Amino acid sequence: MTFTKSLLALALAGSAAGAALADINIGVSLPLTGPTSALGIPIKNAIALWPTSIGGEKLNVIILDDATDPTNATKNARRFVTDDKVDILMGSAATPPANAVAAVAAETGTMHMTFAPIDVSTGKAPWSYNTPQSTLVMSHAIAAHMKKTGIKTVGFLGYADAYGELFLRDMKVKMAGTDMKFVSEERFARTDTSVTGQALKVTAGNPDAILIVASGSGAAMPHKALIERGYKGKIYQTHGAASRDLMRVGGKDVEGAFVVAGPGVVAEQLPANHPSKQVAMAHVTAWEKIYGPNSRNPFAGHAYDASVILQKIIPIALKTAKPGTKEFRGALKAALENAGPIPLFHGTVNYTATNHAGYTDDTGVIMQIVNGDWKLQPK
Amino acid sequence: MDFSIASILLVDGLTNGAIYALLGLATVLVFAVTRVIFIPQGEFVTYGALTLAILQTGQVPGTIWLLMLLAGLAALAEAWQTWKRYRLAGTALLAGLKVLVAPVVVSLVTLWAAPQQFSLLVQALLSVCIVTCFGPLVYRLAYQSLADASSLVLLIVSVGVHFALTGLGLLFFGAEGFRNPPFWNARFSLGAVNLSGQAVIIALASMALIVMLWLFFERTLYGKALRATAVNRLGARLMGISSQTAGQLTLAMAALIGALSGLLIGPTTTVFYDSGFLIGLKGFVAAVIGGLASYPGAAIGALAVGIIEAFGSFWASAFKEVIVFTLILPVLLWRSLKGGHSDEEH
């Protein structure tokens, strides 16, 4: 039975490889249904805007739905590698299925770009590269802005989950050695009916600034609670909250807040000499021509960034090997790790053999909410 | 902690506790009449709040498509059952149509009213009507044919209904949350305590609803029929009280209470498609404190849950939920040691 199966697989693989030998194949596993489909669908739409060929080779993109399920993601990744003979794996848009793809990538030696942050420190996922910014890089931008504005005491009000904990840990790393410190650490959950207790505690010591770590419209409730308690200091929000849902739900109460984000969110306001200006404007123009003004989306941005990276590394890899071979996959990895800084929609990446998180410390920009819109703050 | 902080937390706890009290009462009511531990109670809260939020944007809420679908299925089931029993096409058709009337009328009114941007109160009333219609349909489709099954089977069905309604909520309302405008924008200062108009409305509406429930059960024939079913299903049936009608009426009331809770809580917090579960679960904890049988016990338990939650979030915010849900253990221990059965228990 197993023997027949493997024979069959071999025959299938042979025919697939024959058909696809000339093209560069890319397999993308995305949540197109299920709880994180809101993240997967913009990525799919952005992939539709990718160039059809790079370096003279046709780009063959195969997208499969993983429904945010790691089991499906593994199945998809295996299919990509064995049946479709892909040169590059991508996805998913949530961390658990992205980890599943990373495992297949490591096992088969296939380059993998993920749209959800996974742990790529110290060789845990040797073939995987993060396209979202790490909390550490974003913490750097927040800590730098706090330092510049003379803040000494900071209150923390964050999600009682991995995002909240990671941000707190990384902020502490960036604040070490400065005279800034956290004076309170309070947690809440997105679905809480009230954060009055936490807001009271965090504002009790009247810190110079309060950092809210939450995502999307969930970031508005703690913000409103702080304003309701009469807090007058600076309020910082993270890149998880850098969407218009914050203003939609928060209304007038979120006016004046500082929000960290990738430069693409305020592409128009970037100074002409900003490294991401040109590349971010290119994406925003193409995207918003189809989906309407202010429809830009961080996840569509990640998919666009992936195509920018491919345009940089595929021509280099093509010089040494043919697509569909093990050597080509190795050449892609080598090209990415030696490409130097690449400006993207979401910032500037500089992947190396030891740094697969990529983004450089000057990636994050600080915006202020003024009259219900983002206003870029000078560095 | 000084007096002012304590009083702010107390007001916050009582405000949320009032909502939990309503949900606790609904849980007790449903369990007493149908023996169903009604986990999807919280979904009615979300549906109520988010249907209003979608109406506020001038769009047609997705809930009415689900409502029409469920009504269609329930009508088919009802017609088929009647046909099997009487073999009369006319009677069967009439039975099916009777199920369809209320949901279809509500849906059509919503379709017409949604783009007109009526005032907040009209839209709130419409949301309550939509969500209330769900109650009998959910009972008809999920529970009615299993009415004599064990409590465990009914609990498993409840879990299924909960997941189905949450998933559909994500489909209709999206992953992002909404915050409704307050019904009353006033603010009152009582010393350190800053009381919002919405908190006053929550307190008054909860009290009014509890009094109305009491009047319903004490003074009306339908209320007495429900109580009779709760005390003894078989006996009530022998007296000519239909346990199916009792079940549908009970779920309609549970849905009504859920939708009203959603309207009350919508302006004070951001409501997501999955917010209802935890809110409903806290109502359930309150109901357990009342032994799933006592209405005053559930109401007092709910206020206790609200206050403990408020103080818990001040002292140890990371462990707030742990504190609230661990509360159920000593209560269960105390209840099982006390051992006695109240009059109206099965």
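Me: How many Å separate the centres of domain 1 of chain A and domain 2 of chain A?

Reply: The distance is 34 Å, taken over C-alpha atoms. Domain 1 of chain A covers 2-133 + 296-349, and domain 2 covers 135-261; such bounds come from an automatic or database domain assignment. Keep in mind that this is a predicted model, where local features need pLDDT of at least 70, side-chain atom pairs count only at pLDDT 80 or more, and totals for chains, interfaces and linings use all residues. As for names, residues are numbered from 1 along each chain as its sequence is written, while chains are lettered from A and ligands numbered from 1 in the order in which they are written.

Me: How do you know how confident the predictor is about chain A?

Reply: Look at pLDDT, the predictor's confidence in each residue, from 0 to 100. Chain A averages 89, and 94% of its residues score at least 70. Chain B has a mean of 90, with 98% of its residues at 70 or more. For the complex, the predictor gives an ipTM of 0.82 and a pTM of 0.83.

Me: What makes residues 7-20 of chain A a stretch to handle with care?

Reply: Their pLDDT stays under 50. Where pLDDT is low, the predicted coordinates should not be read in detail. The model does have 13 contacts beyond four places in sequence for residues 7-20 of chain A, a contact being two residues whose C-beta atoms, placed from the backbone, lie within 7 Å.

Me: OK, on to chain B. Why are H4(B) and H5(B) called roughly antiparallel?

Reply: Helix H4 (residues 89-113) and helix H5 (residues 120-143) of chain B pack at about 155 degrees, with axes 10 Å apart. Angles under 35 degrees count as roughly parallel, over 145 as roughly antiparallel, 65 to 115 as roughly perpendicular and the rest as oblique. So the pair H4(B) and H5(B) is roughly antiparallel. By the way, helices (H or I, at least four residues) and strands (E, at least two) are DSSP runs, numbered from the N terminus.

Me: What makes up the contact of H4(B) with H5(B), by class?

Reply: Ten nonpolar residues, one polar and no charged. Ala, Val, Leu, Ile, Met, Phe, Trp, Tyr, Cys and Pro count as nonpolar, Asp, Glu, Lys and Arg as charged, and the others, Gly among them, as polar. H4(B) gives residues including Val106(B) and Thr110(B), and H5(B) gives Cys129(B) and Ile130(B), among others.

Me: What makes H2(B) and H5(B) oblique, then?

Reply: Helix H2 (residues 41-56) of chain B meets H5(B) at about 140 degrees, with the axes 9 Å apart. That value falls into "the rest" of the angle classes, so H2(B) is oblique to H5(B). The contact includes Phe44(B) and Tyr47(B) of H2(B), along with Leu126(B) and Phe134(B) of H5(B). Its residues divide into ten nonpolar, five polar and no charged.

Me: Which element gives the largest share of the side of chain B that touches chain A?

Reply: H1(B), with five residues. In total, 26 residues of chain B are in contact with 22 residues of chain A. By class, chain B's side has 14 nonpolar, eight polar and four charged residues.

Me: Last one: what makes Ala67(A) stand out in its backbone?

Reply: Its phi is near 50 degrees, a positive value in a residue other than glycine. Ala67(A) sits in the loop between strand E3 (57-65) and helix H3 (70-82) of chain A. Also check the peptide bond from Gly91(A) to Ser92(A), which is cis, with omega near -5 degrees.

How values were computed: Axes are lines fitted to C-alpha atoms, for helices over the stretch in contact, and angles run from 0 to 180 degrees between N-to-C directions.
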